[in-house]
Amino acid sequence: MSEKHPIIAITGSSGAGTSTVTRTFQNIFRREKVVAAIIEGDSFHRYDRKAMRQRMAEEEAKGNKHFSHFGPEGNLFEEIEALFRTYAQTGTGKCRKYLHNAEEAAPYKQEPGTFTPWEDLPPETDLLFYEGLHGALVTDTVNVAQHADLLIGVVPSINLEWIQKLIRDKTQRGYSQEAVVDTILRRMPDYVNYIVPQFSHTHVNFQRVPVVDTSNPFIARDIPTADESVCVIRFANPKGIDFPYLLSMIADSWMSRANTIVVPGGKMELAMQLIFTPFIWRMMERRKRALGAL
């Protein structure tokens, strides 16, 4: 953790909806004139798309049917922690991009599914913003979470998470139903061991819960809309959170526990704006003070 060089990390699995949180923060950064170094967690995969397929085939031939992007063999955990540690200390670090599709790859004249070369982070940034799978990771050898100033978990109910992944991967990435289901099953042990435990280290968790039937996510034809959901927001430490203000600003919200507020699904982004804008204000004030600007 660092007052001079703060870090915000959004963590959640593939299809969880972390991009919604990222979009909200980008709006806050733009409005508050905060310069952020944006890091995508996919850039810390160990293998590019072609190499990953080859490695998965090799592992399956050896009887390992659970080699995945969620676990340590498929990721550069030590490098994630090194980036967080270095940024917190110096405001610098190394980053790269993972090019998901042809549109992202075209400016770099590379194939989709490859990485750009490692390069220095932009100079003079106000904070580091990470969005990906392992922003709050803690293992026997790696502790990424200890370096972050604000950790946010995005955790839809599991059936909703699967529906989002199934529909996204089939419609946007061209995968078959069988391929997506195979991916879900292959990742399950790593999901349980490396993704789920992170949500005990986060400061705030957002869990979207559908209020329509999602009993069989594998036959769903559409994703439950925001208006067909509620969002459960849990604070690890509710001290300093102005719950009466949030309840007054967000219609039809209510508290289910002393540290938990429930809001309509369509008001999730508004809730994020109301909750995190003061966090950013305080973070930037502490930074200016630490740098001697106040």
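**Sheet, cores and spaces**

Eight strands form an open sheet in the order β2-β7-β1-β8-β9-β10-β12-β11, with mixed pairing, where helices (H or I, at least four residues) and strands (E, at least two) are DSSP runs numbered from the N terminus, and two strands pair if DSSP finds at least two bridges between them. β2 (36-40) and β11 (254-257) stand at the edges with a single partner strand each, so one side of each is left without a neighbour in the sheet. This is a predicted model, in which local features need pLDDT of at least 70 and side-chain atom pairs count only at pLDDT 80 or more, while totals for chains, interfaces and linings use all residues. Residues are numbered from 1 along each chain as its sequence is written, and side-chain values use heavy atoms, with hydrogens and water left out.

**Strands and helices**

- Strand β1 (residues 7-11) pairs with strand β7 (residues 127-132) in the parallel sense over five bridges, and isoleucine 7 has leucine 128 as its bridge partner in β7.
- Helix α1 (residues 18-32) lies across β1, β2, β7 and β8 (150-154), running at about 160 degrees to β7; axes are lines fitted to C-alpha atoms, for helices over the stretch in contact, and angles run from 0 to 180 degrees between N-to-C directions.
- Helix α3 (residues 77-90) packs on the sheet and touches β1, β2 and β7, contact meaning heavy atoms within 4.5 Å.

**Nonpolar cores**

- The largest nonpolar core has 32 residues, of which Ile8, Phe25, Phe206, Ile233 and Phe276 touch the most other members; such a core is a set of buried (under 20% relative accessible area, 1.4 Å probe, protein chains only) Ala, Val, Leu, Ile, Met, Phe, Trp, Tyr and Cys residues joined through side-chain atoms within 4.5 Å.
- Helix α8 (residues 268-290) gives this core its largest share, nine residues.
- A second, separate core of 23 residues includes Phe44, Leu83, Cys95 and Ala136.

**Cavity**

- The structure holds one cavity of 30 Å³ or more, a cavity being a set of points on a 1 Å grid over the protein atoms alone where a 1.4 Å probe fits but cannot get out, with lining residues having an atom within 4 Å of a point.
- The largest cavity has a volume of about 110 Å³, a volume being the space filled by probe spheres set on grid points that are joined across faces, edges and corners.
- Twelve residues line the largest cavity, and Phe70, Glu161, Trp162, Ile184 and Tyr191 lie nearest its centre.
- The largest share of that lining, five residues, comes from α6.

Definitions and conventions:
Buried means under 20% relative accessible area, exposed over 50%, partly exposed in between (1.4 Å probe, protein chains only). On a 1 Å grid over the protein atoms alone, a cavity is a set of points where a 1.4 Å probe fits but cannot get out, and a pocket is an open set with protein on both sides within 12 Å along at least five of seven lines; lining residues have an atom within 4 Å of a point.
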